[in-house]
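Subject: Model for you to look at

Dear colleague,

Here is the structure I said I would pass on. My notes on one helix pair and its surroundings follow below it.

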Amino acid sequence: MAFMVKTMVGGQLKNLTGSLGGGDDKGNGDKSAAETQGMSREEYEEYQKQLVEEKMERDAQFTQRKAERATLRSHFRDKYRLPKNETDESQIQMAGGDVELPRELAKMIEEDTEEEERASVLGQLASLPGLDLGSLKDKAQATLGDLKQSAEKCHIM
């Protein structure tokens, strides 16, 4: 409640006190922005250039981080076969298109992938010595084909 009163009355109060103060502020109107900062004109221009360069660097870093996050999200969308997101793709394109994950994130993803492979049934089978997954796959497909043929010959089905 106090915030509402302050915002509603505060601006009007400042306008009222500004108009009552009158002639004191007229003398500062002749000074340039550099003089009010206590710098020469050249120093002020150099300062402004530095501010613009720093802002551009921050914006570039921010865009890069957004693209890295979008790359991570798109990786997980691909991994779990989720629909793609256009905003993620546009963020990656804004950063230059070829964005790599930070080393820490790539390492985490690699560890997760390894854990999932070890925990899966195929991962367990692959770790068994003397087991050829290719031949096992061929046998499974042949068995499935035989079942389909026998199901076609069956009169009940």
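Helix α3 (residues 41-79) packs against helix α4 (residues 86-94) at an angle of about 135 degrees, and their axes are 8 Å apart. Axes here are lines fitted to C-alpha atoms, for helices over the stretch in contact, and angles run from 0 to 180 degrees between N-to-C directions. Helices (H or I, at least four residues) and strands (E, at least two) are DSSP runs, numbered from the N terminus. The angle makes α3 oblique to α4, given that under 35 degrees counts as roughly parallel, over 145 as roughly antiparallel, 65 to 115 as roughly perpendicular and the rest as oblique. The crossing of the two is left-handed, meaning that the near helix is turned anticlockwise from the far one by less than a right angle (clockwise would be right-handed).

This is a predicted model, in which local features need pLDDT of at least 70 and side-chain atom pairs count only at pLDDT 80 or more, while totals for chains, interfaces and linings use all residues. Residues are numbered from 1 along each chain as its sequence is written, and side-chain values use heavy atoms, with hydrogens and water left out.

On the α3 side, the contact (heavy atoms within 4.5 Å) is made by T63, K66, A67, A70, T71, R73, S74 and R77; α4 contributes D88, Q91, I92 and M94. By class there are 4 nonpolar, 4 polar and 4 charged residues. Nonpolar covers Ala, Val, Leu, Ile, Met, Phe, Trp, Tyr, Cys and Pro, charged covers Asp, Glu, Lys and Arg, and the others, Gly among them, are polar.

Within α4, D88, Q91 and I92 are buried. Seen down the axis of α4, the buried residues fall within an arc of 100 degrees, so they line one face of the helix; the arc is that of the directions from the helix axis to the C-beta atoms. Their cover includes α3. On the other side of α4, E86, Q93 and M94 are exposed. Buried means under 20% relative accessible area, exposed over 50%, and partly exposed in between (1.4 Å probe, protein chains only).

D88 has 3% relative accessibility. Leaving aside residues up to four places away in sequence, D88 touches A70, R73 and R77.

Two backbone points remain. R81, in the loop between α3 and α4, has a positive phi of about 55 degrees although it is not a glycine. R81 is exposed, at 76% relative accessible area. After α4 comes G96, with a positive phi near 120 degrees.

Regards
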